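Please keep the sequence and the structure in view while reading.

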Amino acid sequence: MESLRIICPNGHLGFAPLRVPSFRLGVAERPDYIAADSGSDDVGPIPLGSDTSTSPRGWQTHDLEQMLLAARELGVPMIIGSSGDTGSNSRVDLYVSIIRELAQKHRLPRFRLGYFYSEVDKGHVRRKLQAGERVEGLDTHGTLTQAELDATERIVAMAGVHPFIALLAQGADVVIGGRSSDSCVFAAPAIHHGFPEAQAYYLGKVLECASFCAEPYGGKETVLGEITADAVEVTAMHPDQRCTIASVAGHAMYERSSPYYEHVAGGTLDMSQCRYEQKSDRTTRITGAQFRRAPEFRVKLEGAGKVGERYVGMVGIRDPYTIAHVDDVIGWAKQQVRERFGDSGYELHYIVYGRDGVMGELEPLRDRPGHELCILVQGVAPTAEMAEEVCMIGTRQMFYARLPEVKGSAGSVAFALDEVLRASPAYRWTINHTLRCDDPLELFPTHMTSAGT
Amino acid sequence: MAKLSALAKTIRSKNAGVDLITFDVIFADRGRYERVKRSGVLTRERVAALYRIEPSRIVELVEFDPGNAIKFTIARRRPSGSPGDPDIFGSQQYAPLLDIEVE
């Protein structure tokens with residue numbers, strides 16, 4: 001095979017629905033694969049910690065249905081990575097069951113359905129730590145400690161191409177993946193068909209966010225990537241979008257600190273020598289990508305731990321004197337919580353919209369607040385009852401804040417709602433690390449079944 | 001003098017993993033890109049001063065010629081989505097760059 005063509009209709013399947021018209025134009029090109037990633041750590045630690053999806057099931061089903069029907073119509077494989085936002089085992093099972101239901105609903109002829117899991121048992125990591133293995137931190141995370149592991153609720157490992165290739169080699173028509181590097185969802189079939197790793201990983205890199213590599217800006221539109229032995233070409237399917245040198249090179253830097261390197265399980269894609277060429281109006285051709293195998297096979301782990309139950313409250317302030325002294329108002333309310341619950345065992349956060357609500361410590365204009373403020377109060381504690389009371393004191397006591405020269409003496413803040421509301425429990429990222437593995441499939445058990453009639 | 005917002009095609013911020021926020025300033029043509037590069041308004045020191053942080057929290061600053069872009073990355077104090085984080089995606093942290101004056 002001289003070239004392989006893959007379409008990607010969505011950069012994060014489920015987060016918002018794919019756009020059907022450009023997807024159908026992509027399908028009309030008769031690609032060899034239809035693939036998309038469905039996850040991201042952008043959604044924060046709550047979905048992984050609480051084992052939920054942030055994407056509605058209706059949107060997940062919409063995209064899976066479009067992709068499955070097109071793939072079976074063309075007789076080509078369909079690949080999904082990072083099922084259900086987090087790629088946890090329950091999300092893989094959810095997607096497998098949606099595929100089965102869709103196959104039933106449309107009376108599709110029997111096909112082979114492969115899937116793999118990515119969840120990592122805490123006991124497995126604990127044994128590695130006890131055996132003296134270093135679980136290295138990424139970015140600002142230090143080496144993993146026993147305490148941080150204990151504080152973790154759930155861990156997923158980030159798959160490279162390996163479990164996808166294993167399932168394709170077994171003849172899977174549909175692959176449903178656990179947590180995966182998004183580029184590997186596309187690199188895997190290319191490597192499976194014998195294309196060089198450098199081009200294959202670049203193909204994945206450019207396709208993973210669908211139309212984010214095209215201009216003008218417009219998400220959830222389909223793009224088509226074609227790989228040969230020495231180049232990758234990418235084409236926008238939406239009639240008004242184009243993949244230009246600027247849009248493709250610009251996408252290389254999106255969401256990562258370096259525009260030149262992309263790390264995946266087993267190696268690094270090096271884009272520093274890439275050359276970009278405008279092949280036609282809507283197509284850009286890229287050559288010069290390189291791939292370096294890592295000396296040690298390390299897999300990224302993601303873990304989230306629960307901080308506590310959470311309630312939120314909201315207040316407004318209009319008096320300019322009170323606005324100038326908003327830190328004193330917050331200080332007063334915090335003091336009342338401290339007198340009730342002490343200094344620790346809970347968290348109390350204030351986000352001051354109108355001053356530095358969006359940027360916090362990074363806000364250069366925090367000494368120039370607006371003429372009115374909205375303050376979001378969050379109380380986090382081990383039990384819902386305590387979180388409610390922390391938040392209630394932290395919110396309502398702002399009303400009673402004692403400012404020496406305030407003219408208004410009938411309430412320091414305005415309530416739109418005189419209540420606090422239960423919010424999702426608070427979680428935090430405990431694990432952003434890498435673990436050495438002897439076998440690339442060690443953390444990713446694969447399974448094969450069938451669906452359809 | 002011109003504002004950076006008048007010279008750049010794209011000015012954006014976004015998470016780069018859970019610990020970092022990365023900023024992209026992208027220009028439509030080589031001329032504007034080179035002008036901003038030469039002006040020195042986007043250096044580690046200048047960016048750190050603008051955001052009022054230690055220069056060491058800027059973990060990377062790259063002049064990316066193939067993309068006509070200047071890119072830098074700031075380490076978060078706590079990972080994205082921790083309780084109290086006001087910008088889980090890191091998508092609204094670029095605004096102070098808009099008004100930078102460029103010679």
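## Order of elements in chain B

Helices and strands are taken here as DSSP runs, H or I of at least four residues for helices and E of at least two for strands, numbered from the N terminus. The model is a predicted one, and in it the secondary structure of chain B consists of four helices and six strands. Followed along the sequence, these elements of chain B are arranged as β-α-β-β-α-α-β-β-α-β.

Along its principal axes, the C-alpha trace of chain B extends over about 45 × 25 × 20 Å.

Of the 103 residues in chain B, 42% are buried.

## A helix pair in chain A

In chain A, the axes of helix α7 (residues 162-169) and helix α8 (residues 182-192) come within 8 Å and cross at roughly 45 degrees. An angle from 65 to 115 degrees would count as roughly perpendicular and one under 35 as roughly parallel, and α7(A) and α8(A) are therefore oblique to each other. Their crossing is right-handed.

On the α7(A) side, the residues that meet α8(A) are A:Phe164, A:Ile165, A:Leu168 and A:Ala169. Their counterparts in α8(A) are A:Cys184, A:Val185, A:Ala188, A:Pro189, A:Ile191 and A:His192. By class, this contact of α7(A) with α8(A) comprises nine nonpolar residues, one polar residue and no charged residues.

Notes: Residues are numbered from 1 along each chain as its sequence is written. Chains are lettered from A and ligands numbered from 1 in the order in which they are written. This is a predicted model: local features need pLDDT of at least 70, side-chain atom pairs count only at pLDDT 80 or more; totals for chains, interfaces and linings use all residues. A residue is buried if 20 or more other C-beta atoms lie within 10 Å of its own, exposed if 12 or fewer, and partly exposed in between; C-beta atoms are placed from the backbone. Axes are lines fitted to C-alpha atoms, for helices over the stretch in contact, and angles run from 0 to 180 degrees between N-to-C directions. Angles under 35 degrees count as roughly parallel, over 145 as roughly antiparallel, 65 to 115 as roughly perpendicular and the rest as oblique. A crossing is left-handed if the near helix is turned anticlockwise from the far one by less than a right angle, and right-handed if clockwise. Two residues are in contact if their C-beta atoms, placed from the backbone, lie within 7 Å. Ala, Val, Leu, Ile, Met, Phe, Trp, Tyr, Cys and Pro count as nonpolar, Asp, Glu, Lys and Arg as charged, and the others, Gly among them, as polar.
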